[in-house]
Amino acid sequence: MRKLLLIMTTIYCFSICNAFAIEINLSESEIIKDQTFINKDVIATFKCPNCKIITATVLGENKNFTLLQEEKNGSKLILQKSFKIKDIPSFLHLYSNTPDFINEADKKIIRAVEGKFSTSYGALLRNYLVEKKLYSLMPASIESNQDDLYKLSFTIPSFATTGNYEVLVKLYDSDGTFINGAKKTFQIKQSGFYNEVVNFANNSPLLYAITSTILAIVLGGIGGLANLDMLRRTKGF
Amino acid sequence: MFDFFSVYFPIADISVNVFGLILVGILTGTVSAIFGLGGGFIMIPYLTAVGLPISTAISTSVNQMTAGTFASFLSFARLKRIDYKMSMFLILGGVAGSILGYFILHYLESHGLAGGTLKVVFTFLLISVSISAAYDSIKIIINKRNGKHNVLKSACKLCQYLPLKTEFSSSSHHISPIIISLIGMVGGILVILLGIGGGFIMVPLLLYGLRVNEKFLSGTIQLQIFFTSIISTIIHSVSFNKSDIFLAFYLILGTIIGARLGSNLSTKFKSDDFRIGLALFLIIIAIIMAKNTFFPSDVNFIIKAE
């Protein structure tokens, strides 16, 4: 009898889940941070007939954030203290087609993140992430049309870190019971040459410093010689 | 519209308008070549305003300084307006000052004194130098009105008692290399502590303190800043933050154009014009610095994701 009940429940669930199966389409599967990168608009679409409550979350890979306090004082730099906030999403945007509806998983993420933002440094990081449009903790709306096609859009700002990102869509019954979910991932990375330069700067800072100094001297030398050539022509030096 | 000219820079990790970078490079290069200043005091506020963390702005600015001062040095060398002997003592002092500055910064940071102490000391130093420059300029203007000739006398009475007095081509009287090395040392310390070439402290000290001929001043100091900026680039890159080599490229491009304009303009300046222009510049910088020190605007943070 138990087995029969289990089989029936599975069949029921499968049919329901299949009825609400969704496939997310992303306008970008990979975002390359190259010299032309400023901001990148990404659109996620999915079809969902008869769906009641839909939430979506765009999550950036968890990162450790280090805050180095420095005084902005004309041309002067004075580094003072550093503070680390570990393991928080590098990007977090929430969406919902029902005003103020936030799913339990997202509530959990928000609670965890807000807990880490509870210090004064944390509050500064929170402001920074919101200001740079890396975080949007109030759910934005999910647009839909008559064909049950849903659409949400977000912008990847130039301050977004590289790594894996995911778009999570969750469906709920009108009473808030979870029905089904789907996930689609995309990546933000620096292009080959840029990536190599960043790795070089991080792994061999001394060599990088010497290289940048030599480059500066060569460029300065070329510029200086060009100036001399012009001086010679105009003033006969 | 302006986004079209924006370029993403991988180390700074932001997009910046390249026209703005070239323009600020031209301005910095021109001012640097005329007055013998490093130009960090123009460059760094601009770079931080466009969103760069201050430490990246400083190391990138110092990197640009290397190119700019080298370009200026070549022009001044051709114009025969460098006192190499004086430069050598300034460089020796500058190298010692850079190393000393590195230890001072670490000491101040470890004792949590870096911010306030440096800010106040530096501002007072700048205010006193600009007052001296303003006084000198007022004298020039009054003498001009009265038809008198402006004669420079050494303002540093103590310097006359220092040993090892040597003849310098840029000065009509003998100067002790000790005081020149000490001035170079101040520049070296400043380049590490504040990321600025120290030109706007060294120029007035040499001009008003030791009465060095202004024709030689810019070229001689540019050569010193060139060496200290190399050391500073390396120290900053290894200890604090990396310069953005790509961003520095656009700044250097503008600086080279500016250096050409500046070295050309500087040949047209008369001695008195130079001193009045420098005084005006120093007063403006001193007002800005004093405002930032005593009425701080905001606190900036470098945020790094790992």
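Biologist: How many of the eleven residues of helix α7 of chain B are buried?
Modeller: This is a predicted model, in which local features need pLDDT of at least 70 and side-chain atom pairs count only at pLDDT 80 or more, whereas totals for chains, interfaces and linings use all residues. Residues are numbered from 1 along each chain as its sequence is written, chains are lettered from A and ligands numbered from 1 in the order in which they are written, and side-chain values use heavy atoms, with hydrogens and water left out. Helix α7(B), residues 199-209, is mostly covered (helices are DSSP runs of H or I of at least four residues, strands runs of E of at least two, numbered from the N terminus). Its buried residues (under 20% relative accessible area, against over 50% for exposed and in between for partly exposed, with a 1.4 Å probe and protein chains only) include F200(B), M202(B) and Y208(B), and their count is ten.

Biologist: Which residue just after α7(B) takes a positive phi?
Modeller: The place to look is just after α7(B), a helix that itself runs over residues 199-209. The phi there is about 55°, and the residue that takes it is R211(B).

Biologist: Is T66(B) buried or exposed?
Modeller: T66(B) sits in helix α3 of chain B, residues 54-78, and, leaving aside its neighbours within four places in sequence, it is in contact (heavy atoms within 4.5 Å) with T213(A), A216(A), I217(A), F226(B), S229(B), I230(B) and T233(B). Because its relative accessibility is 0%, T66(B) counts as buried.

Biologist: Is α1(B) roughly parallel or antiparallel to α2(B)?
Modeller: Helix α1(B), residues 18-35, and helix α2(B), residues 40-49, pack with their axes 9 Å apart and at an angle of about 165° (axes are lines fitted to C-alpha atoms, for helices over the stretch in contact, with angles from 0 to 180 degrees between N-to-C directions). Angles under 35 degrees count as roughly parallel, over 145 as roughly antiparallel, 65 to 115 as roughly perpendicular and the rest as oblique. The orientation is therefore roughly antiparallel.

Biologist: How many charged residues does the contact of α1(B) with α2(B) have?
Modeller: The contact is made by residues including L21(B), V24(B) and V31(B) of α1(B), and F41(B), I42(B) and Y46(B) of α2(B). By class (nonpolar for Ala, Val, Leu, Ile, Met, Phe, Trp, Tyr, Cys and Pro; charged for Asp, Glu, Lys and Arg; polar for the others, Gly among them), there are nine nonpolar and three polar residues, and the number of charged ones is none.

Biologist: How far apart in space are A96(B) and M185(B), C-alpha to C-alpha?
Modeller: A96(B) also belongs to helix α4 of chain B, and with a relative accessible area of 32% it is partly exposed. A96(B) and M185(B) are 89 residues apart in sequence, and their C-alpha distance is 6.2 Å.
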